[in-house]
Every structure is written in structure tokens, then in C-alpha cells.
Amino acid sequence: MLTVTDLSAGYGPVTALDGVSFEAPEGEITAVLGANGAGKTTLLRTISGLVRPTRGTATLAGRDLTKVPTEHMTRIGLGHVPEGRGVITELTVEENLRLGGLGSGSRVRVGDLGRAYSLFPILAERRRSSAHVLSGGERQMLVIARALLAKPRVLLLDEPSLGLAPRIVVQIFELLRTLVRADGLTVVLVEQNARSALSIADRGVVLNLGRLVVADDASALAKDEQLRHAYLGF
Amino acid sequence: MQQLITTILTGLTLGMVYAAFALALVLIWRATRIVNFAQAPMAMITTYIALVLIDAGFSYWLGFAAALGSGLVLGAIVERFVIRYVDSKSEINAVILTLGLFIVIHALAALIFGSRYRSFPAPFGLRGFQVGDTTIALTGFGIFTIGSVLVVMGLLVVLFRGTDVGLKMRASAFNQEVARLLGVKVGRMLTLGWALAAVVGSLSGLLIAGGGLVHPSYMDGVVVYGFVAAVLGGLDSPVGAVAGGMILGLSLSLVSGYVGSELVPLASLGILMAVLLVRPGGMFASVRARRV
């Protein structure tokens with residue numbers, strides 16, 4: 001579904017991503033793992049067009065993403081929940097959600113919001129509140145729901161577990177797995193919390209200093225103790 | 001009693017004029033998070049365009065429409081070809097650029113239209129209405145001023161709260177990157193914000209000019225009060241801009257009438273300080289501090 005080929009990018013003289021290639025198969029969760037500074041966030045930002053690649057391509061169902069401006073990504077089916085979640089705190093919960101449905105060019109039907117509210121009841125409770133009163137876990141649910149309103153085929157998630165209590169992380173990851181099974185969504189999940197990520201992922205990709213170390217089935221990666229100790233921290 | 005009524009009515013009408021300018025500032029702020037110091041000269045130029053048409057024999061309303069139309073175009077051009085290039089780096093750069101535009105447009109206007117004073121017509125008349133055998137200080141033009149500003153305020157409130165475009169504009173102003181990731185065409189929203197703000201600015205330029213004299217600096221007297229009115233209301237809120245304008249207009253009119261007109265600038269700053277001490281974000285600010 002999503003194919004990354006020899007993708008490289010940097011910030012000025014610093015090369016953050018160096019010739020990374022892997023595939024995220026359709027309907028599966030692919031975890032992108034590695035230490036701080038490994039290039040995981042840069043990888044997602046290059047795929048969604050916020051950073052211009054110096055080399056290589058990323059294709060979604062055969063379509064070259066590097067030729068597409070960021071504003072068009074939702075239209076071709078790519079959603080990206082950025083690092084830090086990207087909740088627009090000045091807007092209400094409902095306005096954040098509506099925004100999610102506006103970008104892909106189609107009008108948000110009341111039914112779409114209804115589905116988001118039934119999946120995430122806590123958002124329904126807080127729909128008229130300003131988004132800044134939400135807790136970390138609630139915000140994560142908000143941005144996932146918001147991204148889903150554009151009906152993406154591929155969803156890029158940047159460190160959803162960051163700053164969240166373990167119990168909430170479990171909840172959110174379970175939710176992700178359910179969505180993937182139900183909608184056939186393809187997810188690329190960047191995480192530093194490698195253990196949790198591998199527990200729900202089908203595939204895993206490990207980055208170090210901008211380069212690909214290994215790409216394999218998640219279960220194989222979880223069993224490889226040497227790899228885990230060297231790159232994944234457990 | 002007569003003097004009090006006159007003072008109040010004058011203050012209200014004047015206040016609406018400040019409010020018109022404040023609305024343009026609020027619109028740019030809400031849509032782009034920038035304070036546009038060039039708002040006044042941009043409006044001044046469009047008023048001159050109207051004046052050229054009116055002097056050539058066309059009707060006032062044609063000149064009115066031309067001013068609003070050229071405002072729309074001017075706002076879009078300034079955003080697309082000037083502001084766009086500095087905006088992404090930092091907002092302060094864009095603000096400084098508007099200061100530069102202020103100077104440039106002033107000079108251009110003097111070059112193109114000349115600096116001499118020219119009179120500008122006022123629709124609906126400048127005679128006060130007769131109530132019994134007294135003439136009250138409310139003119140037809142004054143009612144037109146108040147009415148048009150209230151209509152614009154209403155339209156802006158509806159735009160921002162009720163429409164998808166308004167939501168996209170606000171999102172683009174609050175967090176450009178997230179808006180882009182969600183598929184909002186941020187560039188278009190910014191251009192739209194500037195174009196609409198320029199139209200409102202043009203309206204204020206026409207209201208200030210009506211019944212008075214036009215020359216390149218004719219709006220400068222209002223600019224400061226317009227800014228104060230916008231800040232008083234909370235730069236974020238169209239209703240606040242109108243409320244701020246009315247309070248300011250009323251207060252200054254009372255000061256001018258009962259204390260002395262030399263104290264008016266001091267009074268305006270005093271009011272500003274007093275309000276900001278109590279409500280730092282302005283009276284109607286919906287966002288008091290930037291929360292994360």
C-alpha cells in the first residue's frame with residue numbers, strides 16, 4: 001500500500017533520513033521504531049510533504065507522494081497525526097472534528113461525526129468544550145478521530161503514546177487494532193515505546209541514525225533479544 | 001440635556017466609525033494572526049478610487065462598489081505577493097512589512113492623486129433629523145454608518161462561527177501546519193482573510209470620508225482610535241470591536257464635550273490602560289492566554 005524507496009531528507013547540513021526503503025502492507029500495522037534522533041518523525045514528515053526529500057520516493061498505491069503538496073494528502077487518502085498530537089486548542093472538540101472532514105473536499109455529514117462520537121464517547125461528552133481542557137489521552141483520541149473523518153487509506157501516527165499513562169496507551173492501541181480490522185486501514189506507527197508498539201504491530205521497521213537497520217515481521221523483531229537491547233531499549 | 005443627547009449621539013456615530021476600522025483589524029488578526037498597520041493607507045487608496053469615479057460624474061454607489069471591489073483585489077494582492085513571502089518565518093516580519101507598506105502606499109497615493117484636500121460626498125444627507133422643533137445630532141449618513149457597521153459585524157460573526165470557510169480560516173491562523181495536514185488550503189485562506197479585511201477597511205475609509213475632506217493622511221486620526229477600539233474589544237472578536245468602538249466613541253465624545261478636546265488623546269490611552277489592567281485580553285477576548 002505504502003512503499004518507501006531510498007527516501008532521504010535533512011534539515012540544512014544535517015541528514016536526518018538516509019536512503020530508507022520499506023513497505024507498509026495494506027490492512028496492517030507497521031511500527032517504525034528506534035531511538036531518539038533515529039529519523040522516525042522526519043520519515044513521516046517527508047512522506048506527508050512537510051519536509052522535501054533530497055532523494056527517493058514514497059508511493060501510496062502506486063501514486064508518487066513526493067509530487068503531491070501537503071494540502072492534497074487527505075484527498076488522496078493519506079492522514080498524518082503529527083508529533084505532539086496537533087490538537088488546535090483554541091477550537092472546540094467539535095470544531096476540531098469538523099475540520100478533519102473538511103479538508104478532503106467533501107462536506108462533513110452529521111453521520112460522520114456521529115460515528116466518531118460513538119467510537120469515542122468521551123469526545124461526545126466534551127463536544128462543546130474548548131479542546132485545551134482535554135487530557136492527554138482524550139486529545140490523542142480526538143486527533144485520531146479527526147484524522148479518520150477524512151476516510152484515509154493510510155494513517156501515519158507519530159508517537160501516540162507519548163506522555164500517556166500505560167493504561168491509556170493500552171486503550172488507544174486496542175482501539176487502533178480494532179479500527180484496522182474493521183476498516184482495513186493501513187497504519188504506520190512511529191513509537192519509542194517499542195514494546196507496546198510491537199504487541200499490536202504486524203510488521204516492524206527499525207531505524208538508527210537515519211538509516212534502516214532491519215525490516216521484518218513484528219513477532220520476529222520482538223523475539224530478537226540482541227536487536228531489542230541494541231536499538232529498542234528492552 | 002440637549003447637549004448630553006448631542007454628545008451621546010455624536011459619540012455613538014463616531015464610535016461606529018472607529019468600530020468599522022477595528023473590524024478590519026480584527027478580521028486580519030483572526031484570519032492570519034497579523035496586525036495590519038497598512039490597513040489605513042490601503043483603505044485610503046480605495047477611497048481615492050471611488051473619488052475619481054465620483055468626480056468623473058458616476059453615482060456615489062458606483063464609487064462605493066468600486067472602493068469595496070478594489071479593496072478586495074488589493075487585499076488579495078498584498079497577501080499573495082508581499083506578505084506570503086515573509087509570513088512563514090515569523091509573524092513579526094510580516095508586521096514590520098505592513099509598517100513598510102504603510103509608508104509606501106502613503107507616498108504612492110500622494111504621487112498619484114495629489115495631496116490637496118478634496119471633498120467626499122455623504123449619502124442620505126448630513127442634516128440632523130427634526131424632532132419637534134429641535135434638531136438632533138443624528139444625520140441620515142450617521143444612521144447609514146451605524147447600520148452598515150452592524151451589518152458587517154453580523155456577517156463576520158456568522159462567517160466565523162457558522163461556516164466551514166470560517167472554521168478553515170481560524171484553523172489556518174491558529175496552527176498552519178496542522179491545518180495543512182488536515183487538507184486545508186492554508187494559502188487560500190490567508191488570501192481570503194486579507195481580501196475580506198481589506199473590503200471592511202475600504203468601508204471604513206468611505207465612512208470616515210463621508211461629508212469630510214479626503215487627502216492622503218485623512219484616515220490617520222482614526223487609525224489610532226480604531227486600534228484602541230480593536231484592542232479594547234479583544235482583537236479576536238467582531239462584537240468586541242464594535243463594543244470597543246462604541247465605548248471609545250462615547251467616552252471620548254463625553255470627554256471632549258464636558259472636559260476639553262485637548263484631553264481626548266490622553267483619555268483614549270487612559271481608557272485603554274484601565275481596560276487592559278482588568279482584562280488583559282480585551283473585554284470580549286475568547287482566548288486569554290495561549291494554552292497548550
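Helices (H or I, at least four residues) and strands (E, at least two) are DSSP runs, numbered from the N terminus. This is a predicted model, in which local features need pLDDT of at least 70, side-chain atom pairs count only at pLDDT 80 or more, and totals for chains, interfaces and linings use all residues. Residues are numbered from 1 along each chain as its sequence is written, while chains are lettered from A and ligands numbered from 1 in the order in which they are written.

Q: Which strands stand at the edges of the open sheet of six strands in chain A?
A: Two strands pair if DSSP finds at least two bridges between them. The order in this sheet of chain A is β6-β7-β8-β3-β9-β10, with mixed pairing. The strands that pair on one side only are β6 (78-81) and β10 (211-217) of chain A.

Q: At about what angle does helix α9 of chain A run to β9(A)?
A: Axes are lines fitted to C-alpha atoms, for helices over the stretch in contact (C-beta atoms, placed from the backbone, within 7 Å). Angles run from 0 to 180 degrees between N-to-C directions. Helix α9 (residues 225-232) of chain A lies across β3 (29-33), β9 (203-208) and β10 of chain A, and its angle to β9(A) is about 50°.

Q: Why is one side of β2 and of β5 of chain A left without a neighbour in the sheet?
A: The open sheet of four strands in chain A has the order β2-β1-β4-β5, with antiparallel pairing. Because β2 (14-24) and β5 (63-64) of chain A stand at its edges, each has a single partner strand.

Q: Which residue is the bridge partner of A:Thr59 in β5(A)?
A: Strand β4 (residues 55-60) of chain A runs antiparallel to β5(A), and two bridges join them. In β5(A), the partner of A:Thr59 is A:Asp64.

Conventions:
Two residues are in contact if their C-beta atoms, placed from the backbone, lie within 7 Å.
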